[in-house]
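Biologist: I am new to this structure. Please take me through the sheet, then the residues packed around it.

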Amino acid sequence: MSILFVILFAAVAAQENPILLASKDFLNDVIAEDKHLTMHYVIHNIGTEVANDVVVDDTAGFPAGEFEVVSGALSATFDSIQAGANVSHAVVLKPLTSACTTSYPL
């Protein structure tokens, strides 16, 4: 296992570009119709160069007919993310229907 980690670390260290890792999390324990739902997005730049003009767009994951944006936006633009840094973004939604819904990765 440690050999694999060393190989992956060496491969990442050899890169001379920005490398972005994105995550999104529900900050609520329960997701229910007409209750606020907070989504939190974090973008990490694990590369060695600055990342410019980074766009996070999750509009496809939360269709307007099924979710209302209460606060924030489902898309965000970051002018730059420095090497080794991270940025975050949050949006508050209200589910408009009660149904099984799948949220797609960024």
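Modeller: This is a predicted model, where local features need pLDDT of at least 70, side-chain atom pairs count only at pLDDT 80 or more, and totals for chains, interfaces and linings use all residues. Residues are numbered from 1 along each chain as its sequence is written, and side-chain values use heavy atoms, with hydrogens and water left out.

Biologist: In what order do the strands of the open sheet lie?

Modeller: Strands are DSSP runs of E, at least two residues long, numbered from the N terminus. Two of them pair if DSSP finds at least two bridges between them. The open sheet has 4 strands with antiparallel pairing, in the order S1-S2-S6-S4.

Biologist: Which strands stand at the edges?

Modeller: An edge strand has a single partner strand, so one side of it is left without a neighbour in the sheet. That is the position of S1 (20-26) and S4 (67-71).

Biologist: How many bridges join S1 to S2?

Modeller: S2 covers residues 37-45 and runs antiparallel to S1. In this pairing, Asp-25 stands opposite His-40 in S2. The number of bridges joining S1 to S2 is 7.

Biologist: Is His-89 buried or exposed?

Modeller: His-89 lies in strand S6, residues 86-95. Buried means under 20% relative accessible area, exposed over 50%, and partly exposed in between, with a 1.4 Å probe and protein chains only. His-89 has a relative accessible area of 16%, so His-89 is buried.

Biologist: Which backbone oxygen does the side chain of His-89 reach?

Modeller: Leaving aside neighbours within four places in sequence, His-89 has contacts (heavy atoms within 4.5 Å) that include Tyr-41, Ala-73 and Phe-78. The side chain of His-89 comes to 2.8 Å from the backbone oxygen of Ala-73.

Biologist: What is the angle between the planes of Phe-62 and Phe-67?

Modeller: The structure holds 1 aromatic pair. Rings of Phe, Tyr and Trp (its six-membered ring) pair if their centres lie within 6.5 Å; planes under 30 degrees apart count as stacked, over 60 as edge-to-face and the rest as tilted. Phe-62 and Phe-67 are 5.0 Å apart centre to centre and edge-to-face, with an angle between the planes of 85°.

Note on methods
Polar contact = N/O pair within 3.5 Å; in protein donor to acceptor, adjacent residues only side chain to side chain.
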